[in-house]
Amino acid sequence: MALLDNDSAESAPHAVWPGSAYPLGATYDGAGTNFSLFSEVAEEVELCLIARDGSETRISIEEVDGYVWHAYLPAVVPGQRYGYRVHGPSDAENGHRCDPSKLLLDPYGKAFDGSFDSDPSLYTEGDDSLGHTMTTVVINPFFDWASDRSPKRPYNETVIYEAHVKGMTATHPGIPEELRGTYSGLAHPVIIEHLKELGVTAIELMPVHQFMQDHTLLDQGLRNYWGYNTFGFFAPHAEYASVAKPGATVSEFKAMVRAFHEEGIEVILDVVYNHTAEGNHKGPTICFRGIDNAAYYRLVDGDLSHYMDYTGTGNSLNARHPHTLQLIMDSLRYWVTEMHVDGFRFDLASTLARELHDVDRLSAFFDLVQQDPIVSQVKLIAEPWDVGEGGYQVGNFPGLWTEWNGQYRDTVRDYWRGEPATLGEFASRLTGSSDLYEATGRRPSASINFVIAHDGFTLRDLVSYNEKHNEANGEDNKDGESHNRSWNCGVEGPTDDPEILELRGRQSRNILATMMLSQGTPMIAHGDEMGRTQQGNNNVYCQDSPLSWMDWSLAETNADLLAFTRNVIELRRKHPVFRRRRFFAGGPIRTGEEESRDIAWLTPAGEEMTSSDWGSGFGKSLSVFLNGDAIPEPNHRGERVADDSFLLCFNAHDEALEFETPASDYGARWEVVLDTAERTGVAAASFAAEAAVKVASRSLLVLRRAE
């Protein structure tokens with residue numbers, strides 16, 4: 001018998017039933033709650049129920065099946081705070097760090113309450129951490145999803161928008177102040193309207209799994225803003241909830257997803273299964289370390305008191321262990337089935353593929369994803385690198401996966417800043433990076449085409465700074481990437497020079513247009529559509545401030561850039577030739593009774609490129625013909641896809657160049673549909689075959705064949 005004390009009922013004696021080993025975590029069934037915890041190393045496990053006044057009731061769990069400790073408490077209801085104390089070996093030399101003085105969070109916790117402080121008890125053995133750590137909260141799993149359904153938008157119709165829950169909404173004047181920085185704020189009609197008008201089909205949220213603040217940052221007046229410091233892989237981050245009631249975070253997150261789905265927008269989560277917030281051997285003991293250190297973490301062979309670190313954060317999850325793999329897979333399934341999300345972007349995904357040391361694309365994790373009937377059916381996006389040896393794996397992930405294409409980012413940056421001899425590489429990236437993905441049976445959509453992401457310069461800063469300016473981070477500007485492939489257009493940082501400002505605007509439009517007109521899946525970072533700046537800081541992970549938040553006044557200040565972004569996304573949406581499902585054939589293909597080229601590469605003079613043209617040291621200008629009558633793949637109804645044909649004229653030279661429209665067999669007449677030399681991209685002109693067309697310096701001109 002034990003005394004229970006929660007927020008919903010008077011203290012009363014209750015029986016403790018055996019319960020079941022599955023599912024892991026705390027599961028409320030409408031009458032009571034089943035508690036289940038894995039620990040192979042434990043000798044005793046105590047379930048600790050925490051009352052509102054902070055007092056604790058400990059219940060020794062007697063049932064153990066397959067190293068899973070479980071009990072059912074008939075009267076425990078949602079809102080109950082709890083944790084665990086695990087008794088077992090405290091033997092760091094052999095990889096074990098059990099310490100019953102630590103109140104431990106549930107690895108399967110669905111919600112958390114309270115906060116961590118910097119008390120030594122979180123770090124030192126033998127000191128009780130109760131009152132200095134968060135607590136896990138039993139949630140109500142029931143929610144009215146109404147008629148919610150996933151949009152299930154094909155990759156070739158997808159436009160991804162990377163966003164931060166707080167940063168996106170913290171200053172929006174149209175959102176009530178109490179909702180800013182929250183899930184409810186993100187689901188507010190003004191945000192959804194902005195995304196829909198932009199043409200976005202999926203919002204990719206930076207980490208929303210429950211994460212921990214780093215006290216070394218807090219001591220400096222900074223915060224872990226990005227959130228890549230996870231410990232709760234099943235719980236929405238509590239600070240993003242508009243209601244402080246424990247457990248209410250879950251229903252608020254679900255309501256946000258439902259609101260996006262109602263407008264046809266998918267929700268993708270940036271997830272961090274490669275490491276946890278407990279850090280290295282000097283870090284706090286809050287969860288995994290005290291439950292079963294050797295099962296959950298990769299330890300150094302021959303030195304089990306230390307952690308392998310493929311992530312630069314102090315530890316790496318042990319994806320070789322079956323229960324750690326189960327935790328990852330159970331988490332993924334939970335977010336799909338219970339939270340209704342539509343996909344995941346895996347931070348430093350190469351870490352999950354490390355079996356022994358080398359990255360193995362056939363690792364157990366990928367095998368499990370491949371055969372899982374739920375996880376295998378959502379969008380799976382890899383950040384295909386980590387900081388370990390051999391960790392750069394762009395192009396090497398299995399068939400179900402898409403990847404952040406780092407080579408696309410680097411090539412597009414280099415081309416538009418005028419680096420020589422980039423034409424061949426640029427052409428490959430523009431057409432879907434078949435050199436990276438075709439050999440593994442993947443489509444152009446496997447390439448997530450991005451030039452800007454949260455990590456690095458914003459688009460405006462990319463064209464405004466040659467060097468990073470991270471002094472505000474307190475690390476003497478030593479943090480962040482030093483080689484950014486950026487160009488300030490002549491002046492470092494802010495300027496009033498109209499010529500430089502015009503050039504910066506043109507370069508921004510060039511990059512946005514290139515992404516939207518490339519084969520593959522485009523991704524833009526929040527605020528780039530309106531010229532958001534971080535004042536040259538390329539690593540705002542610790543800047544929870546206006547420096548990193550969206551400045552919504554820019555929607556008016558830079559209205560032309562916003563209009564341009566909408567226009568070029570709409571151009572992509574209307575024309576399947578820019579978002580083909582398969583790679584270009586390159587040579588003649590048969591359509592009906594005729595053979596025609598699906599793509600042709602031309603010099604500015606309108607002649608087909610030769611090998612010497614591709615190898616030209618100048619290599620800054622070319623045009624590409626995209627044949628809308630030669631799309632071999634059918635639509636989802638099996639019907640032939642026919643589209644307009646286009647001529648894209650790229651000029652990365654610092655002077656205007658004269659292009660010539662190709663011979664009449666490509667088309668008798670051409671009309672301008674997009675010109676990055678114009679602030680909104682809108683221009684009106686038409687040209688006959690073999691006509692001279694002036695393309696402004698550092699600009700992209702898009703012509704459509706007039707039928």
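Biologist: What am I looking at, and what gets counted?

Modeller: This is a predicted model, where local features need pLDDT of at least 70, side-chain atom pairs count only at pLDDT 80 or more, and totals for chains, interfaces and linings use all residues. Residues are numbered from 1 along each chain as its sequence is written, and side-chain values use heavy atoms, with hydrogens and water left out.

Biologist: What does the chain average for pLDDT?

Modeller: The average is 93, and 95% of the residues score at least 70. pLDDT is the predictor's confidence in each residue, from 0 to 100.

Biologist: And where does pLDDT stay under 50?

Modeller: Residues 1-11 stay under 50, and the model has 32 contacts for them beyond four places in sequence; contact means heavy atoms within 4.5 Å. Residues 589-593 are also below 50, with 11 contacts beyond near neighbours in sequence.

Biologist: OK, domains. What does the assignment give?

Modeller: Domain 1 covers 155-577 and domain 2 covers 589-705. Such bounds come from an automatic or database domain assignment.

Biologist: How many residues of each are in contact?

Modeller: 33 residues of domain 1 touch 40 residues of domain 2. Their centres, taken over C-alpha atoms, are separated by 32 Å.

Biologist: Now helices. How do α13 and α15 cross?

Modeller: The axes of α13 and α15 (residues 559-574) come within 9 Å and cross at roughly 20°. That makes α13 roughly parallel to α15; angles under 35 degrees count as roughly parallel, over 145 as roughly antiparallel, 65 to 115 as roughly perpendicular and the rest as oblique. Axes are lines fitted to C-alpha atoms, for helices over the stretch in contact, with angles from 0 to 180 degrees between N-to-C directions. As for naming, helices (H or I, at least four residues) and strands (E, at least two) are DSSP runs, numbered from the N terminus.

Biologist: Which residues meet there?

Modeller: From α13, Met515, Met516 and Leu517 are among them, and the α15 side includes Phe564, Val568 and Ile569. By class, the α13 contact with α15 has 10 nonpolar, 1 polar and 2 charged residues. Here Ala, Val, Leu, Ile, Met, Phe, Trp, Tyr, Cys and Pro count as nonpolar, Asp, Glu, Lys and Arg as charged, and the others, Gly among them, as polar.

Biologist: What about α9 against α13?

Modeller: Helix α9 (residues 406-416) and α13 (residues 498-517) have axes that come within 11 Å and cross at roughly 140°. They are therefore oblique to each other. Tyr408, Val412 and Trp416 in α9 meet Gln507, Asn510, Ile511, Thr514 and Met515 in α13. That contact divides into 5 nonpolar, 3 polar and no charged residues.

Biologist: And how do α3 and α15 pack?

Modeller: Helix α3 (residues 189-198) packs on α15 at about 55°, with the axes 8 Å apart. That makes α3 oblique to α15. His194, Glu197 and Leu198 of α3 meet Leu562, Thr565, Arg566 and Ile569 of α15.

Biologist: Switching to backbone: which peptide bond is cis?

Modeller: The one from Tyr22 to Pro23, with omega near 0°. Pro23 is in the loop between β2 (12-14) and β3 (25-28).

Biologist: What about phi at His340?

Modeller: His340 has a positive phi, near 65°, and is in the loop between α7 (322-337) and β21 (343-346). Leu348 also isn't a glycine and has a positive phi of about 45°. Most residues other than glycine have a negative phi.
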